[in-house]
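Keep the structure open while you read.

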Amino acid sequence: MSKRIAQLAAMAASALMLLAPAAQAQSLSLLCNATIDWCELMKNKFEAETGIKTSMTRRSSGESYAQVRAESANPKIDVWWAGTGDPHLQAAGEGLTEVYKSPSLSKLQPWANKVAEASGNRTVGIYLGALGYAYNDKMLASKKLPAPKCWSDLADAKYKDEVQMPDPNSSGTAYTMLATLVQLMGEEKAFAFMKAMHKNVNQYTKSGVAPSQAVGRGETLIGISFMHDLIVPKLGGFPVTLVSPCEGTGYEIGSMSIIKGARNMTEAKRFYEFALRPDIQSLAPSVKAYQIPSHTEAKVSAESIKPSEVKLIDYDQVKYGSTEVRKHLLKRWSDEISGAPR
């Protein structure tokens, strides 16, 4: 009897060993840079549709790049979804992400394909969003200040302690602003402008969405963010006016990448295709995400910006997403701006 029990135990152990890889394979680790509601929507929808157990971590773009780089020898993440394209391109340039050419590329917007081509198919565009700022109407009236219309207005001494923006070391939104100003003004003039504006900044936030929330609540007069984030408090009934700066403005191409050496590669590719589907991209407005989707058949919200109505610059995604340029601009900002006296 004991011999039979031993045989059964051995058979059970062997069966468990055979099942373990399959069980382990049916999981996904997702790193998400969108708003928490959008991140949770994507996680829950994918999990419900596929049965694949999905763990999700929400971080800012800069933090996500740092994590992917730090874990490159032993990746903990399978898919990095959303966030500005610059750090995705930097990760691609450093070989931190996997080459994957989606069958859906032919149905994506030209700007989404441009990112894929520039990265050697290590990342792809999933949405587009324009940079801007907003001001709180009630605060503006109570302080009897003129309405700002341009980037240059934000360096005017009359707005001292009235401006809030993210920190470019943690926020892709703020890095997009930094790169935008350099492309608009030239590097030296851009840094001179930011030094002047620094005296007006009341806080450099960790995330890019925080200033849009603060301006809606009346915690700051002016908040710099992406316009799809700034529209949210306005739609919520807060006294907010959006500004597309008169000089022109940059934009993000929110991107998606599979991590090099991902533990769950099959599931990662399945999520990748899931996230590019038009029906999935069309869900974004249900969680107050008003970016322009990358799939040509996805529904665009009536609340989304219309590129034809915004003065967009010819933003060089490749140059400003490169490791060399990003490191240089971020170091210079840290050395010359963030710690400067006000």
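Which residue forms a disulfide with C32? The partner is C39, and the two sulfur atoms sit 2.0 Å apart. The model is predicted. A search of the whole structure finds two disulfides, and two cavities of 30 Å³ or more are present as well.

**Disulfides**

- The torsion about the S-S bond of C32 and C39 is about -85 degrees, so this disulfide is left-handed.
- C32 and C39 are both buried.
- C150 and C246 form a disulfide, with 1.9 Å between their sulfur atoms.
- This pair links distant parts of the chain, 96 residues apart. C150 lies in the loop between helix 6 (137–143) and strand 5 (163–166). C246 lies in the loop between strand 8 (240–243) and strand 9 (251–258).
- For C150 and C246 the S-S torsion is about 120 degrees, so the disulfide is right-handed.
- C150 has 13% relative accessibility and so counts as buried. C246 is partly exposed, at a relative accessible area of 41%.
- Counting bonded cysteines along the chain, the pattern is 1-2, 3-4.

**Largest pocket**

- The largest pocket holds about 350 Å³ of space.
- It is lined by 16 residues, and T35, V209, S212, Q213 and V232 are the closest to its centre.
- Helix 2 (36–50), helix 9 (210–217) and helix 10 (227–235) each give at least two residues to this lining. Helix 9 has the largest share, with four residues.
- The lining of the largest pocket divides into six nonpolar, five polar and five charged residues.

**Largest cavity**

- The volume of the largest cavity is about 260 Å³.
- Its lining has 24 residues, with N33, A34, R58, T173 and D229 nearest the centre.
- Helix 7 (172–185) and helix 10 each contribute at least two lining residues.
- By class, the lining of the largest cavity has 13 polar, seven nonpolar and four charged residues.

**Second largest cavity**

- The second largest cavity contains about 120 Å³ of space.
- Of its 18 lining residues, W38, I126, Q281, A284 and P293 are the closest to the centre.
- Helix 2, strand 4 (124–136), helix 12 (278–281) and strand 10 (292–293) each give two or more residues to the lining of the second largest cavity.
- The lining of the second largest cavity comprises 13 nonpolar residues, four polar and one charged.

Methods. Residues numbered from 1 in each chain as written. Predicted model: local features only at pLDDT ≥ 70, side-chain atom pairs only at ≥ 80, totals over all residues. Heavy atoms only, no water. Disulfide = S-S within 2.5 Å. Buried < 20%, exposed > 50% of the residue type's maximum accessible area, 1.4 Å probe, protein only. 1 Å grid on protein atoms, 1.4 Å probe; cavity = no way out; pocket = protein on both sides within 12 Å on 5 of 7 lines; lining within 4 Å. Points joined across faces, edges and corners; volume = space filled by probe spheres on them. Nonpolar A, V, L, I, M, F, W, Y, C, P; charged D, E, K, R; others polar.
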